[in-house]
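Here is a short briefing on one protein chain. Look over the sequence and the 3D view, then read the points below.

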Amino acid sequence: MTKHAERIVPHQHYRELYSTFANHVGRYHFASRFIGPESNVLDLGCGCGYGAEYLAQASGRRVVGMDRSAEGVAYGRRWYPGHRVKFLRGDVTAIPLRSASIDAIVAMEIIEHVEGSAAMLDEIVRVLKSAGLLLISTPNRLVTEGTPGSSNPYHVREYAPKEFRELLGDRFGEVLVFGQDLTPACSAGLENMDRIWHNLGLIPELFDRLHALQCRLRVDETVTGLTFLRRLLRLFRGNQDDRDRPQDLSGPVDVDYRPRQIMSQAVGDWDVQPYDIDAAPVLIAVCRR
């Protein structure tokens, strides 16, 4: 996938780029396993806020989603209201929070966008408590440099695993780096399906739609037949309304697009492991002071 967006918009990416959306939600799923249920959490560079909403599902957690984009913050406030998740506007190099006030910071796919990465990390250290935890991800430069068409115009700098580890190690005593990639089973399945579709002469768009339908079928196992038929009709009709919907933030929340309802099955296609890091498209670090 060579199409880039400055931020993930749930309504757009669930249907059009659902695999990209699942990939991003998978990082929050991984991060959530390290964060205690009673923690104060900061989702730094939260974009439209779907990740902050995901983190806030644990009972007792209090989550702040922060982004410099007024549109992203407005989206989060409108679509993810709740007493355990709040959104504010701010810059990652000047976080508008008290020192030593946060138990865990999640910073997914943000450091590669920042000119002053050192200033960003200094601010992270400032607002974290003494035993605070940082979970941070970034694209793996070893992979993106070797992938045609993968250059992202919004990225200031990407990091190789060694560079990422050293950058974080300057401020954190413990740094564990993991790699996120498709599971071997999913990769093998995609390769086999690619061969089948190629031999049958089917176009890639049809393959993408059928794979998306397979994901949705897993989620629809317990819902009514009418709901399934409605989804099937939307899928093959093209659903122009859904493509236009991200521009309209005034309506009620449609549960179909909330990550906890739809993407919980799709994130299983992605795996986070401590081995083969150099070949993983995305790096995720767990850091403790």
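Of the 289 residues in the chain, 49% are buried. Keep in mind that this is a predicted model.

**The chain as a whole**

- The chain exposes about 14200 Å². Carbon and sulfur atoms supply 52% of that area.
- Take the contacts between residues at least 6 apart in sequence: 72% of them join residues at least 24 apart.

**Confidence**

- The mean pLDDT of the chain is 77. A value of 70 or more is reached by 62% of the residues.
- Residues 219-224 have a pLDDT below 50. Beyond near neighbours in sequence, this stretch has five contacts in the model.
- Residues 239-265 also stay under 50 in pLDDT. For them the model has 59 contacts beyond four places in sequence.

**Leucine 42**

- Leucine 42 sits in strand 1, which covers residues 40-44.
- Is leucine 42 buried or exposed? Its relative accessible area is 0%, so leucine 42 counts as buried. The cut-off for buried is under 20%.
- Which residues does leucine 42 contact, leaving aside neighbours within four places in sequence? They are Val64, Met66, Ile95, Leu97, Ile102, Ala104, Ile105 and Val106.
- Alanine 52 is 10 residues away from leucine 42 along the chain. The C-alpha atoms of the two are separated by 8.1 Å.

**Serine 39**

- Serine 39 is found in the loop between helix 2 and strand 1.
- With a relative accessible area of 11%, serine 39 is buried.
- The side chain of serine 39 reaches the backbone oxygen of glycine 36. The distance is 3.0 Å.
- Not counting residues up to four places away in sequence, serine 39 touches Gly60, Arg61, Arg62 and Asp103.

**Aromatic pairs**

- A pair of aromatic rings is described by two values: the distance of the centres and the angle of the planes.
- How many aromatic pairs are there? The count comes to six.
- One of the pairs is formed by tyrosine 28 and tyrosine 50. Their rings lie 6.0 Å apart, centre to centre, with 70° between the planes. This pair is edge-to-face.
- The tyrosine pair links distant parts of the chain. Tyrosine 28 is in helix 2 (residues 18-32), and tyrosine 50 is in helix 3 (residues 50-55). The two are 22 residues apart.
- Tyrosine 28 and tyrosine 50 are both buried.
- Phenylalanine 30 lies in helix 2, and phenylalanine 178 lies in strand 6 (residues 174-182). The pair therefore ties together parts that are 148 residues apart in sequence.
- Phenylalanine 30 is buried, at 3% relative accessible area. Phenylalanine 178 is buried too, at 14%.
- Ring pairs link Phe30, Phe34 and Phe178 into a cluster.

Technical notes. Residues are numbered from 1 along each chain as its sequence is written. This is a predicted model: local features need pLDDT of at least 70, side-chain atom pairs count only at pLDDT 80 or more; totals for chains, interfaces and linings use all residues. Side-chain values use heavy atoms; hydrogens and water are left out. Helices (H or I, at least four residues) and strands (E, at least two) are DSSP runs, numbered from the N terminus. Buried means under 20% relative accessible area, exposed over 50%, partly exposed in between (1.4 Å probe, protein chains only). Contact means heavy atoms within 4.5 Å. Accessible areas come from the Shrake-Rupley method with a 1.4 Å probe; for residues, only the protein chains shown count as cover. pLDDT is the predictor's confidence in each residue, from 0 to 100. Rings of Phe, Tyr and Trp (its six-membered ring) pair if their centres lie within 6.5 Å; planes under 30 degrees apart count as stacked, over 60 as edge-to-face and the rest as tilted. A polar contact is a pair of N or O atoms within 3.5 Å; within protein, one must be able to donate a hydrogen and the other to accept it, and residues adjacent in sequence count only if both atoms are side-chain atoms.
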